[in-house]
Amino acid sequence: MKLRKMAVAMSAVMALGAIAVPAAAEEGTQKVGISMPTQSLERWNRDGSWLDEKMQEAGYETILTYSDNDSSQQVNDIQNMLADGVDILIISAIDGETLNTVMDEAAEAGVPVVAYDRLIMNDAVSCYVSFDNYTVGQLQGEYIVEALDLENAGDATYNLEITAGDPADNNAGYFYNGAMDVLNPYIEAGTLVVVSGQTDFDTVATDQWDTQTAMERAQNILASYYADGTQLDVWLCSNDSTALGVAQGITSDYAGDNTVIITGQDGDEANLANIKDGIQTMTVYKNVNDECTFTLEIAQAILAGEELTEALCESSEIEAAYDTESYETSEGNACISYLLVPTVITADNLDYLVEAGLYAENDEGYLVSVDSVE
Ligand code: BGC
């Protein structure tokens, strides 16, 4: 059944490849295909609906899909969009490697691709719009250094555990490296001690950024290394879905005092509540509204046949760096990248999110994401 669907979609795509102007363009309305990874991780719901909203407001027709964290479904979804005559694709990949063939199909059909937030390993990608992923990790690491005042630690030692993201997501390694480059000198000096000994990326990674997986690993570590009363000081988590699992593990399986520093990324509602309640310590917020608006500006430029240069950063109201070196779609092939600037959120500046129009306070004083953005 799946195979048949794929074959139908593929032949439609191949037929499309022969048509010079996509059907939608002939009718005057261009069509944007938006492929998001999943609705089960909170942020992608915002990315998907805000991208959709902004593209439609700008006069484009849209197709929006979520692929349930299943890369073969994402391939199908993209093939269907190609068969539907999209003029441009905006894709946040579940797995940066497995979209290779469908990217070749997009290239054959003359459909440009914007890799949204996560890079796709195929040279057909026109450009990458994201935040500076390495900086996200650095901010987490630097937060830990400052919170524990590691520079002035003297003989004091602090116990650290580490949880990273999904190895299939190209971003995960950048977050991990950014943080570990800051923390490693303190680990090497013995100021930070990883009691479990689990430090390398493959060991600390979390498939699909899954909360339950992160929780179970945290529970195992706590039962194996901390049940004797060993103090846990800090848990580096690459993002909020994993931080949520780690916080649950600490609540259920750690008997020590409740002042463990936990890092995160995104500003998921449950995590912002945990920050307010002192359960999670910080998150690195990436303004998804800005990411969507910048992506719209890039899509407009591409569809207008403009070159992707630094000028796009200068004309935009959003702060982004033009980077043609950091990200490669294949060895030696750097991808034009526009990298936005992340912000650290703690209990002290939760208001930033409300003032930016991204969240509103509910009756209990917790932040909830707004449905629609300017
Ligand atoms: C995104 C993060 C997100 C993670 C899991 C990454 O690619 O950059 O913002 O937390 O995926 O959804």
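Here's a quick rundown of the aromatic ring pairs and the charge-over-ring contacts in this structure. Keep in mind that the model is predicted. Each ring pair is described by how far apart the centres are and by the angle between the planes. The count comes to seven aromatic pairs, and two of them get a closer look below.

**Tyr128 and Tyr327**
- The ring centres of tyrosine 128 and tyrosine 327 are 4.9 Å apart with the planes at 65°, so this pair is edge-to-face, given that angles over 60 degrees get that label.
- Tyrosine 128 and tyrosine 327 are both buried.
- Ring pairs also join Tyr128, Tyr174 and Tyr327 into a cluster.

**Tyr285 and Tyr359**
- For tyrosine 285 and tyrosine 359, the centres sit 6.1 Å apart and the planes are at 70°, so you've got another edge-to-face pair.
- Tyrosine 285 comes from strand S10 (residues 282-285) and tyrosine 359 from strand S16 (residues 359-361), so the pair ties together parts 74 residues apart in sequence.
- Tyrosine 285 is buried, at a relative accessible area of 0%.
- Tyrosine 359 counts as buried too, with 2% relative accessibility.

**Charges over rings**
- Arginine 43 lies over the face of tryptophan 44, 4.2 Å from the ring centre.
- Lysine 276 puts its charged end over the ring of tyrosine 366, at 5.8 Å from the centre.

Methods. Residues numbered from 1 in each chain as written. Predicted model: local features only at pLDDT ≥ 70, side-chain atom pairs only at ≥ 80, totals over all residues. Heavy atoms only, no water. Phe/Tyr/Trp six-rings, centres within 6.5 Å; stacked < 30°, edge-to-face > 60°. Buried < 20%, exposed > 50% of the residue type's maximum accessible area, 1.4 Å probe, protein only. Helix = DSSP H or I, 4+ residues; strand = E, 2+ residues; numbered from the N terminus. Lys NZ or Arg CZ within 6 Å of the ring centre and 35° of its normal.
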